[in-house]
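Dear colleague,

Please find below the structure that I am handing over to you. My notes on what was found in it follow directly after.

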Amino acid sequence: MRRRELFDLLRAAACECYDDVEARQIAEMITLDKAHISRNELLVEPNAEVCVDGLEDVISKLRSWTPVQYILGYADFMELRIEVNGSVLIPRPETEELLCWIAKSTPRGATILDVGTGSGCIAIALSREVADAKVYGLDISTEALAVARRNGQRYTPSVTFIEGDALGEFNMLFTHPFDVIVSNPPYIPTSDMALMRPNVVDYEPHTALFVSDDDPLCFYRAIARTARTMLSDVGVLYFEIYESLASEMVAMLSDEGYGDVVLREDFRGKPRMICARPIHTN
């Protein structure tokens, strides 16, 4: 089979689920991975022969909406290749924007905690972006922590991953303050599930995505409340947020004793990230 033929087969399969632009992107990602070539090599030598094992399985997964990152077993994130599987969320570009903001605002040697670490992508990226940082990742899922630890060993073994509940008293797991606490917790109301595509709803872990419509800020509130007892005098709390709950997030942080609240938009112009500092009273 030629490289171009492989690409065309994958694109046709992906087109059964996605529009042509996204199908082309997915087909290219898989072609480059399976043929072990660069994009430039595909463009310059599209007729070179390639042998791909398990192609029928890949095509079957594409037709059933399996996310391309789960097919490949990794997601590209902050110039890292992060292992992913059905136990962890797939990293998104919006999260990269949040991390760039944190990295630019955080001094070297900071202590950082990522609550709900999942694949470990946030903790690992910050460990590499903030010089001499001491970074911890917390998650309740043993399966997710196994993935995070493998990613950590590959890129930055200095990150410490700990099992703990974001809704519980995770402050009891630590004896020192943090300069940064960051979280991208579950925030999508269950009622919005019907608006989402099968590649998300049918494959990514629901416990990391969805919350009750009755209290969609439950994770944010719990984390903010616990974080107030853990942040240093210069400590900052960062969240990735759901754009439709931005104003509620600002109000909640104020109610929980935070000030200097800053809300930022992502590259699509949606309010998707926020930071705040505890108000210290003497």
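In these notes a residue counts as buried when its relative accessible area is under 20%, as exposed when that area is over 50%, and as partly exposed in between. Please bear in mind that the model is predicted.

I begin with the cysteines. Cys121 has a relative accessible area of 8% and is therefore buried. Cys218, with a relative accessible area of 23%, is partly exposed. How many disulfides does the model contain? The count is zero. A disulfide requires two cysteine sulfur atoms within 2.5 Å.

The largest nonpolar core comprises 37 residues, and Leu99, Ile102, Ile112 and Tyr238 have the most contacts inside it. At least two residues of this core come from each of the strands β1 (74–77), β2 (80–83), β6 (178–183), β9 (231–240) and β11 (271–278), and likewise from each of the helices α6 (93–105), α7 (121–129) and α8 (142–155). Helix α7 provides the largest share, with six residues. Another core lies apart from this one; it has 36 residues, including Phe174, Leu209, Phe219 and Phe239.

Which residues does Tyr238 touch, leaving out those up to four places away in sequence? Among them are Leu98, Trp101, Ile102 and Ser105, together with Val180, Ile181, Val182 and Ser183; Ile274 and Cys275 are touched as well.

Asn151 is found in helix α8 and is buried, with a relative accessible area of 2%. Its side chain reaches the backbone oxygen of Ser119 at 3.0 Å. Setting aside neighbours within four places in sequence, Asn151 is in contact with Arg81, Ile82, Glu83, Ser119 and Ile124.

His176 is placed in the loop between β5 (160–163) and β6. Is His176 buried or partly exposed? Its relative accessible area is 28%, so His176 is partly exposed. The side chains of His176 and Tyr136 are joined by a polar contact of 3.3 Å. In sequence, His176 is 54 residues from Met230, while in space their C-alpha atoms are 7.5 Å apart.

With kind regards

Conventions:
Residues are numbered from 1 along each chain as its sequence is written. This is a predicted model: local features need pLDDT of at least 70, side-chain atom pairs count only at pLDDT 80 or more; totals for chains, interfaces and linings use all residues. Side-chain values use heavy atoms; hydrogens and water are left out. A nonpolar core is a set of buried Ala, Val, Leu, Ile, Met, Phe, Trp, Tyr and Cys residues joined through side-chain atoms within 4.5 Å. Buried means under 20% relative accessible area, exposed over 50%, partly exposed in between (1.4 Å probe, protein chains only). Helices (H or I, at least four residues) and strands (E, at least two) are DSSP runs, numbered from the N terminus. Contact means heavy atoms within 4.5 Å. A polar contact is a pair of N or O atoms within 3.5 Å; within protein, one must be able to donate a hydrogen and the other to accept it, and residues adjacent in sequence count only if both atoms are side-chain atoms.
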